[in-house]
Amino acid sequence: MTATHVPGLPVIEDGRLISTNPATGEEAGRVPVADEKAVLAAVERAREAALWWQGLGFAGRRTRMLRWRSLIVQRIEELAELTHRESGKPVTDGLIEATAAVEHLDWAARNAKRVLGPRRVRTRLLVAEHSGHLEYQPYGVVGVIGPWNYPIVTPVGPISGALAAGNAIVFKPSEYTPVVGQWLADSFAEVVPEHPVLQVVHGLGDVGGALCRSGVAKISFTGSTATAKKVMAACAENLVPVVLEAGGKDALIVDADADVEAAAEAAVWGAMTNAGQTCIGIERVYAVEPVYDRFVDAVVAKAGKLRTGEEIGPITMPKQLDIIRDHIEDALAKGGRAVLGGADAVQAPYVSPTVLVDVPEDSSEMREETFGPTLTITKVRDADEAVTKANDTPYGLGGSVFGKKNAIRIARRLRSGMVAVNGTLTFVGMGNLPFGGVGESGFGRIHGDDGLREFARAKAITVRRGPSLLPAMTFERTPAQVKQIVKALRLLYGRKP
(Lines give C-alpha, C1' and ligand atoms only; values in the text may rest on other atoms or scores of the structure.)
Protein backbone atom coordinates (compact mmCIF):
# COMPACT_ATOMS: atom_id res chain seq x y z
CA MET A 1 0.00 0.00 0.00
CA THR A 2 1.20 3.48 -0.74
CA ALA A 3 1.24 6.37 1.70
CA THR A 4 -1.76 7.93 -0.04
CA HIS A 5 -4.05 5.03 0.82
CA VAL A 6 -6.32 5.64 3.81
CA PRO A 7 -6.48 2.55 6.06
CA GLY A 8 -9.79 0.77 5.60
CA LEU A 9 -10.80 2.71 2.50
CA PRO A 10 -11.44 0.42 -0.48
CA VAL A 11 -9.03 0.93 -3.39
CA ILE A 12 -9.23 -0.49 -6.92
CA GLU A 13 -5.97 -1.17 -8.73
CA ASP A 14 -5.54 -3.14 -11.96
CA GLY A 15 -9.05 -4.53 -11.78
CA ARG A 16 -8.67 -5.72 -8.18
CA LEU A 17 -10.42 -4.43 -5.09
CA ILE A 18 -7.91 -4.08 -2.25
CA SER A 19 -9.27 -4.44 1.28
CA THR A 20 -7.33 -3.16 4.29
CA ASN A 21 -7.67 -3.13 8.06
CA PRO A 22 -9.03 0.27 9.19
CA ALA A 23 -6.83 0.28 12.30
CA THR A 24 -3.49 -0.79 10.84
CA GLY A 25 -3.79 -0.34 7.09
CA GLU A 26 -2.59 -3.92 6.67
CA GLU A 27 -3.90 -5.56 3.53
CA ALA A 28 -6.57 -8.18 4.18
CA GLY A 29 -6.85 -9.40 0.61
CA ARG A 30 -7.58 -8.63 -3.03
CA VAL A 31 -10.57 -9.71 -5.09
CA PRO A 32 -11.47 -9.21 -8.77
CA VAL A 33 -13.83 -6.34 -9.56
CA ALA A 34 -16.91 -7.20 -11.61
CA ASP A 35 -18.22 -4.97 -14.38
CA GLU A 36 -21.78 -5.00 -15.70
CA LYS A 37 -20.97 -7.77 -18.17
CA ALA A 38 -19.56 -9.95 -15.40
CA VAL A 39 -22.64 -9.36 -13.23
CA LEU A 40 -24.95 -10.37 -16.09
CA ALA A 41 -22.88 -13.48 -16.71
CA ALA A 42 -23.07 -14.45 -13.03
CA VAL A 43 -26.85 -14.09 -13.06
CA GLU A 44 -27.09 -16.21 -16.20
CA ARG A 45 -25.01 -18.96 -14.59
CA ALA A 46 -27.19 -18.69 -11.51
CA ARG A 47 -30.33 -19.33 -13.55
CA GLU A 48 -29.00 -22.70 -14.64
CA ALA A 49 -27.78 -23.49 -11.14
CA ALA A 50 -31.16 -22.58 -9.68
CA LEU A 51 -32.91 -25.25 -11.74
CA TRP A 52 -30.56 -27.91 -10.39
CA TRP A 53 -30.78 -26.58 -6.83
CA GLN A 54 -34.57 -26.49 -6.93
CA GLY A 55 -34.59 -30.04 -8.29
CA LEU A 56 -32.82 -31.31 -5.18
CA GLY A 57 -35.99 -30.72 -3.19
CA PHE A 58 -36.15 -29.68 0.44
CA ALA A 59 -34.27 -32.75 1.66
CA GLY A 60 -31.38 -32.37 -0.75
CA ARG A 61 -30.99 -28.68 -0.03
CA ARG A 62 -31.20 -29.28 3.70
CA THR A 63 -28.37 -31.82 3.59
CA ARG A 64 -26.06 -29.51 1.69
CA MET A 65 -26.89 -26.46 3.78
CA LEU A 66 -26.21 -28.36 6.99
CA ARG A 67 -22.86 -29.44 5.56
CA TRP A 68 -22.05 -25.77 4.97
CA ARG A 69 -23.16 -24.99 8.52
CA SER A 70 -20.82 -27.66 9.87
CA LEU A 71 -17.92 -26.42 7.74
CA ILE A 72 -18.37 -22.90 9.12
CA VAL A 73 -18.37 -24.28 12.67
CA GLN A 74 -15.19 -26.26 11.98
CA ARG A 75 -13.44 -23.14 10.69
CA ILE A 76 -15.10 -20.57 12.91
CA GLU A 77 -11.80 -19.30 14.34
CA GLU A 78 -10.45 -18.81 10.81
CA LEU A 79 -13.53 -16.83 9.81
CA ALA A 80 -13.44 -14.69 12.97
CA GLU A 81 -9.75 -13.93 12.48
CA LEU A 82 -10.38 -12.96 8.86
CA THR A 83 -13.21 -10.65 9.97
CA HIS A 84 -10.84 -9.06 12.49
CA ARG A 85 -8.14 -8.54 9.85
CA GLU A 86 -10.56 -6.95 7.42
CA SER A 87 -12.93 -4.90 9.62
CA GLY A 88 -10.81 -4.45 12.73
CA LYS A 89 -13.51 -5.78 15.07
CA PRO A 90 -12.30 -7.93 17.98
CA VAL A 91 -11.92 -11.63 17.20
CA THR A 92 -14.37 -12.46 19.99
CA ASP A 93 -17.01 -10.32 18.28
CA GLY A 94 -16.36 -12.20 15.06
CA LEU A 95 -16.87 -15.50 16.85
CA ILE A 96 -20.22 -14.40 18.27
CA GLU A 97 -21.29 -13.05 14.89
CA ALA A 98 -20.42 -16.34 13.18
CA THR A 99 -22.32 -18.22 15.90
CA ALA A 100 -25.47 -16.25 15.09
CA ALA A 101 -24.98 -16.94 11.37
CA VAL A 102 -24.78 -20.67 12.08
CA GLU A 103 -28.06 -20.45 14.03
CA HIS A 104 -29.88 -18.87 11.08
CA LEU A 105 -28.40 -21.27 8.57
CA ASP A 106 -29.36 -24.27 10.68
CA TRP A 107 -32.91 -23.05 11.31
CA ALA A 108 -33.63 -22.21 7.66
CA ALA A 109 -32.35 -25.57 6.45
CA ARG A 110 -34.39 -27.52 8.99
CA ASN A 111 -37.65 -25.60 8.68
CA ALA A 112 -38.00 -24.81 4.98
CA LYS A 113 -40.16 -27.83 4.17
CA ARG A 114 -42.52 -27.17 7.08
CA VAL A 115 -42.99 -23.53 6.11
CA LEU A 116 -42.86 -23.73 2.32
CA GLY A 117 -43.96 -27.27 1.54
CA PRO A 118 -47.18 -27.86 -0.45
CA ARG A 119 -50.40 -28.23 1.56
CA ARG A 120 -54.14 -28.50 1.15
CA VAL A 121 -56.41 -25.74 2.38
CA ARG A 122 -60.10 -25.86 3.19
CA THR A 123 -62.50 -25.10 0.39
CA ARG A 124 -65.16 -22.37 0.44
CA LEU A 125 -68.83 -22.08 -0.49
CA LEU A 126 -68.65 -20.72 -4.06
CA VAL A 127 -66.25 -23.45 -5.20
CA ALA A 128 -67.17 -26.29 -2.84
CA GLU A 129 -66.56 -28.84 -5.60
CA HIS A 130 -62.89 -27.88 -5.78
CA SER A 131 -60.06 -28.62 -3.36
CA GLY A 132 -57.57 -25.88 -2.57
CA HIS A 133 -53.79 -26.30 -2.61
CA LEU A 134 -51.02 -23.88 -1.65
CA GLU A 135 -47.36 -24.12 -2.48
CA TYR A 136 -44.40 -21.79 -2.44
CA GLN A 137 -42.16 -21.65 -5.49
CA PRO A 138 -38.67 -20.13 -5.50
CA TYR A 139 -38.00 -16.92 -7.39
CA GLY A 140 -35.06 -18.43 -9.23
CA VAL A 141 -32.16 -16.02 -8.72
CA VAL A 142 -31.98 -13.70 -5.72
CA GLY A 143 -29.47 -10.87 -5.41
CA VAL A 144 -28.12 -10.16 -1.94
CA ILE A 145 -26.31 -6.89 -1.19
CA GLY A 146 -24.57 -7.11 2.17
CA PRO A 147 -23.19 -4.58 4.66
CA TRP A 148 -19.74 -4.17 6.16
CA ASN A 149 -20.60 -3.88 9.85
CA TYR A 150 -21.68 -7.51 10.23
CA PRO A 151 -20.28 -9.15 7.09
CA ILE A 152 -21.04 -12.70 8.27
CA VAL A 153 -24.40 -12.89 10.01
CA THR A 154 -26.22 -10.17 8.10
CA PRO A 155 -25.82 -11.60 4.58
CA VAL A 156 -26.13 -15.20 5.81
CA GLY A 157 -29.67 -14.34 6.98
CA PRO A 158 -31.17 -13.72 3.53
CA ILE A 159 -28.76 -16.15 1.86
CA SER A 160 -29.88 -19.01 4.09
CA GLY A 161 -33.56 -18.19 3.62
CA ALA A 162 -33.23 -17.85 -0.14
CA LEU A 163 -31.19 -21.05 -0.48
CA ALA A 164 -33.59 -23.05 1.65
CA ALA A 165 -36.48 -21.82 -0.51
CA GLY A 166 -34.74 -23.14 -3.62
CA ASN A 167 -33.08 -20.05 -5.10
CA ALA A 168 -29.58 -19.50 -6.41
CA ILE A 169 -27.76 -16.43 -5.07
CA VAL A 170 -25.59 -13.70 -6.54
CA PHE A 171 -24.04 -11.95 -3.55
CA LYS A 172 -22.47 -8.51 -3.62
CA PRO A 173 -20.58 -7.96 -0.33
CA SER A 174 -19.69 -4.51 0.88
CA GLU A 175 -16.56 -3.09 -0.71
CA TYR A 176 -15.26 -2.66 2.84
CA THR A 177 -15.44 -6.39 3.61
CA PRO A 178 -15.15 -8.24 0.28
CA VAL A 179 -12.72 -10.86 1.56
CA VAL A 180 -15.17 -12.17 4.17
CA GLY A 181 -17.85 -12.31 1.47
CA GLN A 182 -15.53 -14.28 -0.79
CA TRP A 183 -14.80 -16.69 2.07
CA LEU A 184 -18.52 -17.40 2.48
CA ALA A 185 -18.96 -18.15 -1.23
CA ASP A 186 -15.80 -20.26 -1.42
CA SER A 187 -16.71 -22.34 1.64
CA PHE A 188 -20.19 -22.99 0.23
CA ALA A 189 -18.64 -24.11 -3.07
CA GLU A 190 -16.64 -26.72 -1.16
CA VAL A 191 -19.81 -28.50 -0.05
CA VAL A 192 -21.81 -27.73 -3.22
CA PRO A 193 -19.25 -28.04 -6.03
CA GLU A 194 -21.64 -29.19 -8.74
CA HIS A 195 -23.15 -25.84 -9.75
CA PRO A 196 -22.54 -22.14 -8.91
CA VAL A 197 -25.50 -21.86 -6.55
CA LEU A 198 -23.86 -19.10 -4.49
CA GLN A 199 -21.71 -16.67 -6.46
CA VAL A 200 -20.09 -13.44 -5.39
CA VAL A 201 -19.48 -10.25 -7.38
CA HIS A 202 -17.24 -7.48 -6.06
CA GLY A 203 -16.99 -3.74 -6.56
CA LEU A 204 -18.31 -0.37 -5.50
CA GLY A 205 -21.87 0.94 -5.64
CA ASP A 206 -22.09 0.64 -9.41
CA VAL A 207 -21.82 -3.13 -9.11
CA GLY A 208 -24.75 -3.15 -6.70
CA GLY A 209 -26.71 -1.07 -9.21
CA ALA A 210 -25.83 -3.51 -11.98
CA LEU A 211 -27.07 -6.39 -9.84
CA CYS A 212 -30.39 -4.61 -9.28
CA ARG A 213 -30.80 -4.26 -13.07
CA SER A 214 -29.36 -7.66 -14.01
CA GLY A 215 -32.59 -9.60 -14.23
CA VAL A 216 -32.54 -11.14 -10.77
CA ALA A 217 -36.01 -11.95 -9.51
CA LYS A 218 -35.60 -10.32 -6.09
CA ILE A 219 -33.09 -8.21 -4.16
CA SER A 220 -32.30 -8.32 -0.46
CA PHE A 221 -30.40 -5.26 0.73
CA THR A 222 -28.91 -4.29 4.07
CA GLY A 223 -27.31 -0.88 4.54
CA SER A 224 -28.07 2.79 5.03
CA THR A 225 -31.49 4.29 4.41
CA ALA A 226 -30.08 6.58 1.72
CA THR A 227 -28.61 3.65 -0.21
CA ALA A 228 -31.78 1.60 0.34
CA LYS A 229 -33.74 4.25 -1.52
CA LYS A 230 -31.29 4.08 -4.44
CA VAL A 231 -31.57 0.28 -4.51
CA MET A 232 -35.35 0.47 -4.49
CA ALA A 233 -35.35 3.03 -7.31
CA ALA A 234 -33.09 0.83 -9.43
CA CYS A 235 -35.24 -2.22 -8.78
CA ALA A 236 -38.42 -0.28 -9.57
CA GLU A 237 -37.27 0.12 -13.17
CA ASN A 238 -38.12 -3.56 -13.77
CA LEU A 239 -40.55 -4.12 -10.87
CA VAL A 240 -38.03 -6.26 -9.02
CA PRO A 241 -39.31 -6.83 -5.47
CA VAL A 242 -37.02 -5.92 -2.61
CA VAL A 243 -36.36 -6.68 1.03
CA LEU A 244 -34.77 -3.66 2.68
CA GLU A 245 -33.14 -3.55 6.10
CA ALA A 246 -31.94 0.01 6.50
CA GLY A 247 -30.81 2.31 9.30
CA GLY A 248 -32.05 2.68 12.84
CA LYS A 249 -32.08 4.97 15.85
CA ASP A 250 -33.13 2.41 18.41
CA ALA A 251 -34.23 3.32 21.91
CA LEU A 252 -34.11 1.59 25.28
CA ILE A 253 -36.73 2.38 27.91
CA VAL A 254 -35.90 1.91 31.60
CA ASP A 255 -39.05 1.73 33.72
CA ALA A 256 -39.29 2.41 37.45
CA ASP A 257 -39.22 -1.26 38.46
CA ALA A 258 -36.31 -2.22 36.23
CA ASP A 259 -33.17 -3.98 37.41
CA VAL A 260 -30.95 -0.92 37.00
CA GLU A 261 -27.64 -2.76 36.96
CA ALA A 262 -28.87 -5.23 34.35
CA ALA A 263 -30.33 -2.40 32.28
CA ALA A 264 -27.04 -0.51 32.39
CA GLU A 265 -25.07 -3.58 31.37
CA ALA A 266 -27.41 -4.22 28.45
CA ALA A 267 -27.39 -0.56 27.41
CA VAL A 268 -23.60 -0.48 27.25
CA TRP A 269 -23.53 -3.69 25.23
CA GLY A 270 -26.30 -2.51 22.90
CA ALA A 271 -24.64 0.85 22.34
CA MET A 272 -20.95 -0.04 22.28
CA THR A 273 -20.66 -3.51 20.74
CA ASN A 274 -18.94 -3.44 17.36
CA ALA A 275 -17.89 0.12 18.26
CA GLY A 276 -21.54 1.15 17.97
CA GLN A 277 -21.63 0.19 14.30
CA THR A 278 -24.86 -1.77 14.65
CA CYS A 279 -28.12 -1.07 12.82
CA ILE A 280 -30.05 -2.40 15.82
CA GLY A 281 -27.69 -0.75 18.30
CA ILE A 282 -29.07 1.27 21.18
CA GLU A 283 -28.43 4.97 20.52
CA ARG A 284 -31.02 6.52 22.87
CA VAL A 285 -32.14 5.67 26.40
CA TYR A 286 -35.22 7.05 28.14
CA ALA A 287 -35.03 6.37 31.86
CA VAL A 288 -37.87 7.29 34.23
CA GLU A 289 -37.06 9.82 36.93
CA PRO A 290 -36.90 7.48 39.97
CA VAL A 291 -34.07 5.39 38.47
CA TYR A 292 -32.43 7.93 36.18
CA ASP A 293 -29.48 8.96 38.36
CA ARG A 294 -28.61 5.40 39.37
CA PHE A 295 -28.84 4.28 35.78
CA VAL A 296 -26.54 7.06 34.48
CA ASP A 297 -23.96 6.28 37.15
CA ALA A 298 -24.05 2.56 36.34
CA VAL A 299 -23.70 3.15 32.59
CA VAL A 300 -20.75 5.51 33.06
CA ALA A 301 -19.03 3.03 35.38
CA LYS A 302 -19.45 0.13 32.96
CA ALA A 303 -18.72 2.00 29.73
CA GLY A 304 -15.70 3.66 31.30
CA LYS A 305 -14.00 0.27 31.61
CA LEU A 306 -14.06 -0.38 27.86
CA ARG A 307 -10.80 0.18 25.98
CA THR A 308 -10.29 1.18 22.38
CA GLY A 309 -8.25 -1.37 20.53
CA GLU A 310 -9.53 -4.06 22.87
CA GLU A 311 -13.29 -4.27 23.48
CA ILE A 312 -13.88 -1.28 21.18
CA GLY A 313 -12.58 -1.80 17.66
CA PRO A 314 -11.91 0.86 15.02
CA ILE A 315 -14.52 2.71 13.01
CA THR A 316 -14.59 0.74 9.77
CA MET A 317 -15.57 3.57 7.40
CA PRO A 318 -13.14 6.50 7.77
CA LYS A 319 -15.79 9.07 6.79
CA GLN A 320 -18.01 7.90 9.66
CA LEU A 321 -15.55 9.47 12.13
CA ASP A 322 -16.58 12.95 10.97
CA ILE A 323 -20.29 12.10 11.39
CA ILE A 324 -19.73 10.82 14.93
CA ARG A 325 -17.70 13.91 15.84
CA ASP A 326 -20.30 16.25 14.34
CA HIS A 327 -23.11 14.58 16.27
CA ILE A 328 -21.27 14.84 19.58
CA GLU A 329 -20.30 18.47 18.98
CA ASP A 330 -23.85 19.38 17.96
CA ALA A 331 -25.25 17.76 21.11
CA LEU A 332 -22.80 19.69 23.30
CA ALA A 333 -23.35 22.98 21.46
CA LYS A 334 -27.10 22.70 22.05
CA GLY A 335 -26.78 22.20 25.80
CA GLY A 336 -26.01 18.54 26.21
CA ARG A 337 -23.35 17.31 28.64
CA ALA A 338 -20.80 14.54 28.23
CA VAL A 339 -20.62 12.45 31.40
CA LEU A 340 -18.16 10.16 29.65
CA GLY A 341 -16.03 10.89 26.61
CA GLY A 342 -17.01 13.85 24.46
CA ALA A 343 -15.79 15.53 21.30
CA ASP A 344 -12.18 14.55 21.98
CA ALA A 345 -13.23 10.90 22.15
CA VAL A 346 -12.83 10.76 18.36
CA GLN A 347 -9.21 9.81 17.77
CA ALA A 348 -8.96 8.13 14.37
CA PRO A 349 -9.46 5.30 13.76
CA TYR A 350 -11.10 4.87 17.18
CA VAL A 351 -13.88 6.52 19.14
CA SER A 352 -13.89 6.13 22.90
CA PRO A 353 -17.21 5.33 24.60
CA THR A 354 -19.21 8.53 25.00
CA VAL A 355 -22.30 9.02 27.17
CA LEU A 356 -24.34 12.21 26.80
CA VAL A 357 -27.17 13.61 28.94
CA ASP A 358 -29.50 16.60 28.68
CA VAL A 359 -29.31 16.41 24.88
CA PRO A 360 -32.09 18.35 23.11
CA GLU A 361 -34.45 16.27 20.99
CA ASP A 362 -33.72 18.37 17.89
CA SER A 363 -29.98 17.64 17.86
CA SER A 364 -28.46 15.39 15.20
CA GLU A 365 -27.31 13.03 17.95
CA MET A 366 -30.98 12.38 18.75
CA ARG A 367 -32.44 12.51 15.24
CA GLU A 368 -29.87 10.87 12.95
CA GLU A 369 -28.11 7.53 12.99
CA THR A 370 -24.70 8.07 14.61
CA PHE A 371 -23.24 4.58 14.13
CA GLY A 372 -20.57 4.96 16.77
CA PRO A 373 -20.03 4.09 20.45
CA THR A 374 -22.19 6.93 21.76
CA LEU A 375 -25.27 6.87 23.95
CA THR A 376 -27.70 9.58 25.00
CA ILE A 377 -29.67 9.18 28.23
CA THR A 378 -32.80 11.26 28.76
CA LYS A 379 -34.84 11.63 31.96
CA VAL A 380 -38.61 11.17 31.53
CA ARG A 381 -41.59 11.35 33.90
CA ASP A 382 -42.96 7.91 33.15
CA ALA A 383 -43.14 5.13 30.59
CA ASP A 384 -45.79 6.94 28.56
CA GLU A 385 -43.46 9.85 27.91
CA ALA A 386 -40.66 7.40 27.18
CA VAL A 387 -42.74 5.64 24.52
CA THR A 388 -43.75 8.94 22.93
CA LYS A 389 -40.15 10.10 22.69
CA ALA A 390 -38.86 6.71 21.57
CA ASN A 391 -41.38 6.65 18.72
CA ASP A 392 -40.58 10.20 17.64
CA THR A 393 -38.30 9.10 14.80
CA PRO A 394 -38.69 8.14 11.15
CA TYR A 395 -36.82 4.93 11.91
CA GLY A 396 -38.31 1.79 13.42
CA LEU A 397 -35.91 -1.14 13.49
CA GLY A 398 -35.37 -2.53 16.99
CA GLY A 399 -35.64 -1.44 20.60
CA SER A 400 -35.50 -2.55 24.21
CA VAL A 401 -37.47 -2.26 27.43
CA PHE A 402 -36.30 -2.93 30.96
CA GLY A 403 -38.90 -3.39 33.65
CA LYS A 404 -41.15 -5.94 35.30
CA LYS A 405 -44.87 -5.24 35.62
CA ASN A 406 -45.48 -3.35 32.36
CA ALA A 407 -42.43 -4.21 30.25
CA ILE A 408 -44.20 -6.33 27.62
CA ARG A 409 -47.06 -3.83 27.30
CA ILE A 410 -44.50 -1.07 26.75
CA ALA A 411 -42.69 -3.21 24.18
CA ARG A 412 -45.87 -3.66 22.17
CA ARG A 413 -46.29 0.12 21.94
CA LEU A 414 -42.87 0.75 20.43
CA ARG A 415 -43.00 1.44 16.70
CA SER A 416 -40.40 -1.07 15.60
CA GLY A 417 -39.98 -4.45 14.00
CA MET A 418 -38.34 -6.07 17.03
CA VAL A 419 -38.09 -5.40 20.76
CA ALA A 420 -36.00 -7.09 23.45
CA VAL A 421 -37.45 -7.13 26.96
CA ASN A 422 -34.82 -7.11 29.71
CA GLY A 423 -32.08 -7.53 27.14
CA THR A 424 -30.70 -5.83 24.04
CA LEU A 425 -30.21 -7.12 20.50
CA THR A 426 -31.25 -10.62 21.62
CA PHE A 427 -33.81 -11.10 18.83
CA VAL A 428 -31.02 -11.34 16.25
CA GLY A 429 -29.90 -14.60 17.84
CA MET A 430 -33.22 -16.41 17.31
CA GLY A 431 -33.47 -17.96 13.88
CA ASN A 432 -37.20 -18.55 14.29
CA LEU A 433 -38.10 -14.87 14.76
CA PRO A 434 -38.59 -12.45 11.83
CA PHE A 435 -36.12 -9.59 11.52
CA GLY A 436 -36.85 -6.25 9.85
CA GLY A 437 -38.10 -2.74 10.37
CA VAL A 438 -40.77 -0.18 9.62
CA GLY A 439 -40.62 3.36 8.27
CA GLU A 440 -37.17 4.45 7.12
CA SER A 441 -35.70 1.28 8.60
CA GLY A 442 -37.11 -0.61 5.61
CA PHE A 443 -39.63 -3.36 5.05
CA GLY A 444 -39.82 -7.08 4.42
CA ARG A 445 -38.39 -9.70 6.75
CA ILE A 446 -35.52 -12.14 6.95
CA HIS A 447 -35.27 -15.02 9.46
CA GLY A 448 -38.16 -17.10 10.76
CA ASP A 449 -41.21 -18.31 8.84
CA ASP A 450 -41.77 -14.83 7.38
CA GLY A 451 -38.17 -14.69 6.20
CA LEU A 452 -38.49 -18.00 4.36
CA ARG A 453 -41.71 -16.91 2.68
CA GLU A 454 -39.98 -13.68 1.62
CA PHE A 455 -37.91 -15.70 -0.86
CA ALA A 456 -40.70 -17.75 -2.43
CA ARG A 457 -43.82 -16.93 -4.41
CA ALA A 458 -47.09 -18.18 -3.00
CA LYS A 459 -48.96 -20.16 -5.65
CA ALA A 460 -52.62 -21.16 -5.33
CA ILE A 461 -54.01 -24.20 -7.16
CA THR A 462 -57.60 -25.46 -7.21
CA VAL A 463 -58.52 -28.99 -8.31
CA ARG A 464 -62.04 -30.14 -9.19
CA ARG A 465 -63.00 -33.10 -7.05
CA GLY A 466 -66.60 -33.66 -8.19
CA PRO A 467 -69.62 -32.21 -9.94
CA SER A 468 -70.97 -28.79 -9.01
CA LEU A 469 -73.99 -29.16 -6.73
CA LEU A 470 -74.51 -25.39 -6.72
CA PRO A 471 -72.74 -24.17 -9.87
CA ALA A 472 -71.73 -20.56 -9.42
CA MET A 473 -68.83 -19.92 -11.77
CA THR A 474 -70.43 -20.80 -15.08
CA PHE A 475 -72.82 -19.21 -17.58
CA GLU A 476 -74.86 -22.43 -17.52
CA ARG A 477 -76.14 -21.84 -13.99
CA THR A 478 -79.91 -21.47 -13.67
CA PRO A 479 -81.91 -18.86 -11.73
CA ALA A 480 -83.02 -21.60 -9.37
CA GLN A 481 -79.42 -22.55 -8.66
CA VAL A 482 -78.53 -18.92 -7.93
CA LYS A 483 -81.43 -18.79 -5.46
CA GLN A 484 -80.07 -21.93 -3.78
CA ILE A 485 -76.64 -20.29 -3.50
CA VAL A 486 -78.18 -17.19 -1.87
CA LYS A 487 -80.19 -19.42 0.47
CA ALA A 488 -77.05 -21.30 1.49
CA LEU A 489 -75.20 -18.01 1.97
CA ARG A 490 -77.88 -16.73 4.36
CA LEU A 491 -77.94 -20.01 6.24
CA LEU A 492 -74.18 -20.03 6.72
CA TYR A 493 -73.35 -16.35 7.14
CA GLY A 494 -76.58 -14.43 7.67
CA ARG A 495 -76.74 -14.62 11.44
CA LYS A 496 -75.15 -11.85 13.47
CA PRO A 497 -72.14 -13.00 15.48
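1. F58, R61, M65 and W68 of helix α2 are in contact with I159, S160, L163, A164 and A165 of helix α5, where contact means heavy atoms within 4.5 Å. By class, the residues of this contact are seven nonpolar, one polar and one charged. Here Ala, Val, Leu, Ile, Met, Phe, Trp, Tyr, Cys and Pro count as nonpolar, Asp, Glu, Lys and Arg as charged, and the others, Gly among them, as polar.

2. On provenance: this is a predicted model, in which local features need pLDDT of at least 70 and side-chain atom pairs count only at pLDDT 80 or more, while totals for chains, interfaces and linings use all residues. Residues are numbered from 1 along each chain as its sequence is written, and side-chain values use heavy atoms, with hydrogens and water left out.

3. Two packed helices are described by the angle between their axes and the distance between the axes. The axes of α2 (residues 57-74) and α5 (residues 153-165) come within 9 Å and cross at roughly 150°. The axes are lines fitted to C-alpha atoms, for helices over the stretch in contact, and angles run from 0 to 180 degrees between N-to-C directions. The two helices are therefore roughly antiparallel to each other, a label for angles over 145 degrees; under 35 counts as roughly parallel, 65 to 115 as roughly perpendicular and the rest as oblique. Helices (H or I, at least four residues) and strands (E, at least two) are DSSP runs, numbered from the N terminus.

4. Helix α8 (residues 225-236) has 12 residues, and its end C-alpha atoms are 16 Å apart, in agreement with the 16 Å it should span at 1.5 Å a residue. The expected span is 1.5 Å times one less than the number of residues. T225, A228, V231, A234 and C235 of α8 are buried; buried means under 20% relative accessible area, exposed over 50% and partly exposed in between, with a 1.4 Å probe and protein chains only. An α-helix has 3.6 residues a turn, so residues three or four places apart point the same way. Cover for the buried residues of α8 includes β6 (141-145), α7 (205-212), β9 (218-222) and β10 (242-245).

5. E245 belongs to strand β10. UniProt, in an unreviewed entry, places the feature "active site" at E245; such positions are given in the numbering used here, feature names are shortened, and annotations may be inferred rather than shown by experiment. The relative accessible area of E245 is 8%, so the residue is buried. Not counting residues up to four places away in sequence, E245 touches T154, F221, T222, G223, C279, L397, F435 and S441.

6. Backbone points to check. Most residues other than glycine have a negative phi, and most peptide bonds are trans. The bond from A348 to P349 is cis, with omega near 5°, and P349 sits in the loop between β14 (346-347) and β15 (350-351). D358, in the loop between β16 (354-357) and α12 (364-367), has a positive phi near 55° and is partly exposed at 43% relative accessibility. F371, in the loop between α12 and β17 (374-380), has a positive phi of about 60° but is buried, at 9%.

7. G276 lies in the loop between α9 (260-272) and β12 (282-288) and is buried at 6% relative accessibility. Leaving aside neighbours within four places in sequence, G276 contacts A271, F371, G372 and P373.
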